[in-house]
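Let us walk through this structure together, one neighbourhood at a time. Please have the sequence and the 3D view open as you read.

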Amino acid sequence: MVVQELLFLSKQAVFQPPTAIRGGIPVCWPQFSDMGQAKTAHGFARNLTWEIEQQAPDAVTMTLVHSDATLAQYPHPFKITLAVVVGEGSLTQTFTVTNTGSAPMPFTAALHTYFRLHDASAAAVRGLQGVRYLDSLQQRKEVVDVESEVTFPGEVDRIYCNAPDELVVADGDGALMRVAKTSFPDVVVWNPAAAKAARMSDFGDDEWKEMICAEVAQAGSGPISLGPGEEWAATQVLEVVNS
Ligand code: TA6
């Protein structure tokens with residue numbers, strides 16, 4: 001049986017908070033990018049150590065709750081939970097946000113998945129034709145994608161708004177990964193290409209060739225505002241279609 005890594009992890013990744021790990025599926029919360037009030041891009045959840053609440057051979061549930069440090073930059077008590085289940089050729093994630101405070105709690109979010117590819121320059125993301133996106137390389141200019149697939153001739157950094165709940169990541173060698181989402185309205189697609197890769201200290205200069213990010217998100221569609229005691233849950237399922 002061929003065992004193949006499907007998620008990308010940089011050889012230069014740093015495993016020391018507060019640096020986010022460059023690869024896997026970082027949790028962007030309480031904001032995606034600069035879409036919120038926190039000082040740090042993508043919020044603080046990916047930069048902190050979570051607690052393991054439950055663990056099984058093929059599943060883990062992790063939690064993070066507010067602290068003095070998080071309250072200082074995001075004045076809301078919270079509990080967030082990430083439940084991960086590994087199946088035969090699949091990975092399911094359920095992300096849950098609970099407002100444990102007494103005031104409405106605004107947030108944006110993303111599961112920032114790094115897919116490992118054989119050749120990003122020949123890769124594609126399918127299922128976004130006709131969808132409006134914000135082009136982060138053009139000051140978030142609104143564009144409707146008329147192409148049948150997103151390809152990566154150079155840097156790509158797009159926030160697709162109200163995207164279909166299923167898309168396909170196609171590697172240059174024909175392998176396909178299906179991404180199915182619930183309650184995440186948006187999809188972010190990113191590849192840094194050579195110039196940006198060279199500026200990232202925790203990312204190899206040539207590693208842009210072996211990855212793309214396709215991220216389920218609550219981002220371009222605007223923030224969620226969670227009332228006191230309310231809970232919001234969203235999922236993604238990554239599934240190997242063929243390999
Ligand atoms: O998801 C795309 C993006 O927002 C890009 O703009 C790029 O900044 C990427 O995230 C990685 O962000 P990071 O803060 O992890 O370097």
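The shell around the ligand is made of three nonpolar, two polar and five charged residues. In this grouping Ala, Val, Leu, Ile, Met, Phe, Trp, Tyr, Cys and Pro count as nonpolar, Asp, Glu, Lys and Arg as charged, and the others, Gly among them, as polar. Before going further, a word on the model: it is predicted, so local features need pLDDT of at least 70 and side-chain atom pairs count only at pLDDT 80 or more, while totals for chains, interfaces and linings use all residues. Residues are numbered from 1 along each chain as its sequence is written, and side-chain values use heavy atoms, with hydrogens and water left out.

Which residues surround the ligand? They are Arg22, Phe32, His42, Arg46, His112, Asp157, Val188, Trp190, Lys196 and Glu215; a residue is near a molecule if one of its heavy atoms lies within 4 Å of it. For arginine 46, an N or O atom of the side chain is 2.7 Å from a ligand oxygen. Histidine 42 has a polar side-chain atom 3.0 Å from an oxygen atom of the ligand, and for histidine 112 the distance from a polar side-chain atom to a ligand oxygen is 3.0 Å. Of the 380 Å² of accessible area that the ligand has on its own, the protein covers 81%. Such areas come from the Shrake-Rupley method with a 1.4 Å probe; for residues, only the protein chains shown count as cover.

Arginine 22, one of the residues around the ligand, sits in the segment before strand E1 (27–28). Strands (E, at least two residues) and helices (H or I, at least four) are DSSP runs, numbered from the N terminus. Is arginine 22 buried or exposed? Its relative accessibility is 18%, so arginine 22 counts as buried; buried means under 20% relative accessible area, exposed over 50%, and partly exposed in between (1.4 Å probe, protein chains only). The side chain of arginine 22 also makes polar contacts, with the side chain of tyrosine 114 at 2.8 Å and with that of aspartate 202 at 3.2 Å. A polar contact is a pair of N or O atoms within 3.5 Å; within protein, one must be able to donate a hydrogen and the other to accept it, and residues adjacent in sequence count only if both atoms are side-chain atoms.

Strand E10 (residues 132–135) runs antiparallel to E13 and is joined to it by three bridges; two strands pair if DSSP finds at least two bridges between them. Here aspartate 135 stands opposite arginine 158. E13 also pairs with strand E16 (residues 186–191), in the antiparallel sense and over five bridges.

Elsewhere, nine strands form an open, antiparallel sheet in the order E2-E3-E4-E5-E19-E15-E14-E9-E12. Its edge strands, E2 (51–56) and E12 (149–151), each pair on one side only.

Most residues other than glycine have a negative phi, and most peptide bonds are trans. A cis peptide bond joins proline 17 and proline 18, with omega about 10 degrees, and another joins tryptophan 29 and proline 30, with omega about 5 degrees. Serine 33, in the loop between E1 and E2, has a positive phi near 50 degrees and is buried at a relative accessible area of 16%. Arginine 140, in the loop between E10 and strand E11 (141–144), has a positive phi near 65 degrees and counts as partly exposed at 27% relative accessibility.
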